[in-house]
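Okay, hi everyone, thanks for making time.

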Amino acid sequence: MEVKMVNKLILGIMMTVSIFYLSGCFDSETKTSVETHPDAKEVLSLNENANILQWEGLIYETDIEWVNELELIKKGSVGEITGLFTNGDAKLFKNGMANKLPIGAKIYSTNTNGILIVEYNGEEKYYLALVEG
């Protein structure tokens, strides 16, 4: 009878140790990830010559080879450039601003999400939204 009792005790200790060991394998912390889109400061710090504009909270960049090769259809007008950014604090870059486009340049939506067409001086440029993920 004593042997059965010892076996049960050992089995109980082994199970308790196993539970503690296995519970240590699980990460009980909840991790959250917040993705943010690049801002003007980040884009210009990577390439000070980038040709960018900000529209509806997103930074758009032009002169991207694969985007320039697309056959886009200009849809409706969505607005125009309202401010010129000139090498100040990139945190002050706001919606409607551009660093290389003239004030009044017309902005159009396209048949492709995330790409705008900007028209000025009879020229059109394609601008790609810079987004994370």
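Predicted model: local features only at pLDDT ≥ 70, side-chain atom pairs only at ≥ 80, totals over all residues.

Residues are numbered from 1 along each chain as its sequence is written, and side-chain values use heavy atoms, with hydrogens and water left out.

Now the overview. The protein has 3 helices and 8 strands, and from the N terminus the order reads α-α-β-β-α-β-β-β-β-β-β. Of its 133 residues, 32% are buried, and buried here means under 20% relative accessible area, with exposed over 50% and partly exposed in between, using a 1.4 Å probe and protein chains only.

Back to N51. Is N51 buried or exposed? N51 counts as buried, because its relative accessibility is 8%. What does N51 touch, if we skip its neighbours within four places in sequence? The list is Y60, E61, T62, D63, N99, K100, K125 and Y127, where contact means heavy atoms within 4.5 Å.

Next, the strands. I'll call two strands paired if DSSP finds at least two bridges between them. β1 and β2 run antiparallel, joined by 4 bridges, and Q54 stands opposite I59 in β2. These two strands make a hairpin with 2 residues between them, and in that turn E56 has a positive phi of about 50 degrees.

Then look at β2 from both sides. L58 and Y60 on one side are buried, and so are I59 and E61 on the other, which leaves both faces covered. β2 also pairs with β8, in the antiparallel sense, over 2 bridges: Y60 stands opposite A129 in β8, and E61 has L128 as its bridge partner there.

β8 has another partner, β7: they run antiparallel with 6 bridges, and I117 stands opposite Y126 in β8. Their hairpin has 2 residues between the strands, and N121 takes a positive phi near 50 degrees in it. Why call β8 largely enclosed by the rest of the structure? Because 5 of its 7 residues are buried.

So what's inside? In soluble globular proteins, nonpolar side chains tend to be buried together. By nonpolar core I mean a set of buried Ala, Val, Leu, Ile, Met, Phe, Trp, Tyr and Cys residues joined through side-chain atoms within 4.5 Å. The largest core here has 14 residues, and L53, Y60, I81, L101 and V118 touch the most other members. β1 (52-55), β2 (58-61), β7 (115-120) and β8 (123-129) each supply at least two of its residues, with β7 giving the most, 3 residues. Apart from this core lies another, of 11 residues, including A40, V43, I59 and L130.

Last stop, a charge and a ring. K74 lies over the face of Y108, 4.5 Å from the ring centre; the rule is NZ of Lys or CZ of Arg within 6 Å of the ring centre and within 35 degrees of the ring normal. That's my tour, thanks!
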